[in-house]
Amino acid sequence: MTIEKDIARIRLQEERLRFATFDEAAAWELGSAMRDLALSRKMPFVIDIRTGIRPLFYAALPGSAPENADWVRRKVNTVYRFEAASYRVGLEYKQSGKAFDQTRGMNPIDYAPAGGGFPIRIGGVVAGVVTVSGVPQRDDHNFVVECLAAHLGVPLAEIALGPEGA
């Protein structure tokens, strides 16, 4: 997909993957399913689900590294700042040709416009973030979307990203 098509598809994902409610039980159910799927695929993820700054689910799977936890923190900050999937933020900056840096008030030590962070929306409000880090960014993003789609009963085929650059 082209950047324009990817951005449009991610916007569709953000529209379709919304919650009516979200609480500790929902976070545990979603996180546990994500952990089980990642383990079955031998994916070296850190998985983080939170509302506000309150962590509700966290797992560091075999093969993950301390660096992955920091990537999660930075992706979470990006989602909250832009109220958008961290992958979309990165693609939009790439498309615009603008730097994602301190000149725009975003220190790379605190923000990561990379795939893997996705807003938990209740209606139109960003109430939290589900984030993974451990594989290439597009794969991080796709894994989160796949899990959210399964959890929310949204057919993945209707919202999935196509192959990169297609």
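A search of the whole structure turns up 13 salt bridges. The model is a predicted one. In general, side chains of opposite charge can pair when their charged atoms come close.

**Salt bridges**

Start with aspartate 6 and arginine 138. They form a salt bridge, and their closest N and O atoms are 2.7 Å apart. This pair ties together distant parts of the chain: aspartate 6 belongs to helix α1 and arginine 138 to helix α5, 132 residues apart.

Arginine 18 has a relative accessible area of 26%, so it counts as partly exposed.

The side chains of aspartate 70 and arginine 73 meet at 2.8 Å, N to O. Both residues lie in helix α3, three residues apart, which is about one turn of the helix. An α-helix has 3.6 residues a turn, so residues three or four places apart point the same way. Aspartate 70 is partly exposed, at 32% relative accessibility. Arginine 73 is partly exposed as well, with a relative accessible area of 32%.

Salt bridges can also join up. Arg11, Glu14, Arg88 and Glu92 are linked in a network of them.

| Aspartate 6 | Arginine 138 | 2.7 Å |

**Aromatic rings**

The whole structure contains six aromatic pairs. Why is the pair of phenylalanine 82 and tyrosine 93 called edge-to-face? The planes of the two rings stand at 80°, with the centres 6.1 Å apart, so the pair is edge-to-face. The angle is over 60 degrees, the cut-off for that class. Phenylalanine 82 sits in helix α3 (residues 66-82) and tyrosine 93 in helix α4 (residues 86-96). The pair thus links distant parts of the chain, 11 residues apart.

Phenylalanine 82 is partly exposed, with a relative accessible area of 29%. Tyrosine 93 is buried, with a relative accessible area of 16%; the cut-off for buried is under 20%. Ring pairs extend the group into a cluster of Phe82, Tyr93 and Phe100.

Charged groups also sit over rings. The charged end of arginine 74 lies over the ring of tryptophan 71, 4.4 Å from the ring centre. Arginine 81 places its charged end over the ring of tyrosine 111, and here the distance to the centre is 5.4 Å.

**Helix α4 and its surroundings**

Tyrosine 93 is one of the buried residues of α4; the others listed are Ser86, Tyr87, Arg88, Val89, Gly90 and Leu91. What do the buried residues of α4 pack against? They pack against α1 (3-16), α3, β4 (117-122) and α5 (137-152). Arg88 is buried in α4 and also belongs to the salt-bridge network with Arg11, Glu14 and Glu92.

**Positive phi**

Most residues other than glycine have a negative phi. Glutamate 83 is partly exposed, with a relative accessible area of 45%.

Lysine 42 is another non-glycine residue with a positive phi, about 55°. Lysine 42 is found in the loop between α2 (24-40) and β2 (46-51). Its relative accessible area is 74%, so lysine 42 is exposed; the cut-off for exposed is over 50%.

Glycine 97 follows α4, and its phi is positive, near 80°.

**Leucine 12**

Leucine 12 is found in helix α1. At 32% relative accessibility, leucine 12 counts as partly exposed. Which residues does leucine 12 touch, not counting those up to four places away in sequence? They are Glu158 and Ile159. Proline 66 stands 32 Å from leucine 12, C-alpha to C-alpha, and the two are 54 residues apart in sequence.

Notes: Residues are numbered from 1 along each chain as its sequence is written. This is a predicted model: local features need pLDDT of at least 70, side-chain atom pairs count only at pLDDT 80 or more; totals for chains, interfaces and linings use all residues. Side-chain values use heavy atoms; hydrogens and water are left out. Rings of Phe, Tyr and Trp (its six-membered ring) pair if their centres lie within 6.5 Å; planes under 30 degrees apart count as stacked, over 60 as edge-to-face and the rest as tilted. Helices (H or I, at least four residues) and strands (E, at least two) are DSSP runs, numbered from the N terminus. Buried means under 20% relative accessible area, exposed over 50%, partly exposed in between (1.4 Å probe, protein chains only). A charge sits over a ring if NZ of Lys or CZ of Arg is within 6 Å of the ring centre and within 35 degrees of the ring normal. Contact means heavy atoms within 4.5 Å. A salt bridge is a side-chain nitrogen of Lys or Arg within 4 Å of a carboxyl oxygen of Asp or Glu.
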